[in-house]
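Here is a friendly walk through a two-chain model, written to be read alongside the coordinates. Please keep the viewer open as you go.

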Amino acid sequence: MELEKSKFYQDSLLEKLHEIQSTYGYIPEAEIENLAEKYQLPRANVFGVISFYSMFYTEPTGKYIIRICDSISCHLNESDSVLKAVKSYLNLESHQTTADKKFTLEVVECLGHCGEGPVMMVNNQIYTKINENKALEILNDCI
Amino acid sequence: MSKEKFYLKGDQLLDISDYNFKSIKNALKLGREKTIQKIKDSELKGRGGAGFPTGIKWEMAANIEAQEKFLVCNGDEGEPGTFKDRYLLEERPLKVLEGIMLAAYAVGADKAYIYIRGEYSKAIDVFSKIIEAAEKEKILNEYLFNSDFKLELKLVRGAGAYVCGDETSLLNSIEGKRGRSRIKPPYPIEKGLYNQPTVVNNVESLCCAAEILNPESEEFSSLGIEGSRGTKLLCLSGDLNKPGLYEVEFGKITLKEIIYELGGGIKTNADLRFVVPGGISTSLIKADSLDFPYSYQEFEERGSSLGSGAVIAVSKKHDLLDLMLNVSRFYMDETCGTCFPCREGNRQINKILKSFKPESNKINAELINDIGNTIRLAARCGLGQSSLNFITSVIQNYGEELRIGGKIYV
């Protein structure tokens, strides 16, 4: 019972992974090993947790992670044309990173701004009511 | 707009020194039993989508003897079309905090988690600051207002997995595991987080609880109609002139008024085809059948559900097959993969829809419905069980238009 109690005071593995992800832009192999030791888990187990969640990466990502929502409310407001424009501008498909490691593109599900779609997220910044031109402007500002 | 209410919605509440915690003070005065009785009397139902009576959940959890109990606030809002919990976390976080404290006090938990989806960076930021301020003001971690109750609260960020909105998946996620659902029973109130009794409540439900215990707004529980009490936050989106967040009283406004008055009607004067009333896990309601009061029971009677309150208006300018594919892709991507029928079923549905050509009229609707029923019966969690509701309801209502052959699902 005492052991269970103390878990509340331990850093959650998920929180730890967030920290590492924001420090390196991905979860490096060495950190997986550290975590395995800290949490007394097999490495495969830590890897399994990482791979389950779409916001964690085991490979370096671009400096800017571009997330574009294509769930139904944004889709009804023509998110597909935004997507098409961004894909062709960056010459990327979803889950890909540009060679210069500047941009990673993610086509994602609902970002919770459904009344203001289409919606795009650049790292932690949300942009609402975007269209093709606005999306490309935002990308240009990143460069 | 007179049809709008302002209980959950309202001015931004961010400064803890301006907030008086009336509801929790009231609860501490009433005691645990009477607090739970108030919630039971209010007929509050969970606002996350499943609609389980909150008071009954609290009572069951309160009656369980355990060394340790947990309260978890579910802020993993991911149902497409839903953004009410984000609003509450960003604009009214002190109400959310008070709701968490109330629930924890009522069920006898002294440790609580709030789990907020990782994409909600602003909400995470705002709520982290609220926790910090509450710790500094001794609202958390210390015996509260000279009572025997103190609460510790931690925030855990999700990391991009829709399925963690399911309460058992969410518990696994907090424990640092893959967000896979658990087999029920045992229910979380018996064996939840770290095997301890755990109550999981949605953000909006907790805010409603704070409203119910507010000694200055006693009318909240008498709002609405029998079986659907209080108010509901609605997230209007899709082809509407005035999309956004609205609060309405149950039973006093029709779905038609929600679309045409609150929502301002359909954009570019297009014709409405149907409304998805509670997020994409609910069955659609056709445009000519919207004239009924907004309540749990009215949706149930129509074979649908008010779900999370995500009301999505869809006009006739959209291609039905394209929409079905969009929803199907969502479930194919977001299934956690634990239950075979949900994992493979959703993949097969996507395949069937992708190969569908209206002119050849080759798909058997019966097959889609069979897969849908199998998932409904065999998936562990509510998210899996409801994954085919939208698609089967499109086929049921528009099968002929799509020229899908076979027996139409009833």
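The report below covers confidence, domains, a helix pair and the interface.

## Ground rules and confidence

This is a predicted model, in which local features need pLDDT of at least 70 and side-chain atom pairs count only at pLDDT 80 or more, while totals for chains, interfaces and linings use all residues. Residues are numbered from 1 along each chain as its sequence is written, and chains are lettered from A and ligands numbered from 1 in the order in which they are written.

The mean pLDDT (the predictor's confidence in each residue, from 0 to 100) of chain A is 93, and 97% of its residues score at least 70. Where pLDDT is low, the predicted coordinates should not be read in detail.

## Domains

Chain A has domain 1 (10–52) and domain 2 (64–142), with bounds that come from an automatic or database domain assignment. The C-alpha centres of these two domains of chain A are 28 Å apart.

Chain B is split into domain 1 (16–221), domain 2 (225–315) and domain 3 (320–402). Between domain 1 and domain 3 of chain B, the C-alpha centres lie 33 Å apart. Their contact (C-beta atoms, placed from the backbone, within 7 Å) takes 12 residues from domain 1 of chain B and 8 residues from domain 3 of chain B.

## A helix pair in chain A

How do helix 3 (residues 29–38) and helix 4 (residues 43–52) of chain A cross, and at what angle? Their axes, which are lines fitted to C-alpha atoms over the stretch in contact, with angles running from 0 to 180 degrees between N-to-C directions, come within 8 Å and cross at roughly 115°. The two helices of chain A are therefore roughly perpendicular (65 to 115 degrees) to each other.

Helix 3 of chain A contributes Ile32(A), Glu33(A), Leu35(A) and Ala36(A) to the contact, and helix 4 of chain A contributes Arg43(A), Val46(A) and Phe47(A).

## Where the chains meet

On the interface, 48 residues of chain B are in contact with 34 residues of chain A. Several elements of chain B each supply at least two residues to its side, including strand 3 (152–157), helix 7 (167–174) and strand 11 (310–315). Helix 11 of chain B gives the most, with 6 residues.

Conventions. Two residues are in contact if their C-beta atoms, placed from the backbone, lie within 7 Å. Helices (H or I, at least four residues) and strands (E, at least two) are DSSP runs, numbered from the N terminus. Angles under 35 degrees count as roughly parallel, over 145 as roughly antiparallel, 65 to 115 as roughly perpendicular and the rest as oblique.
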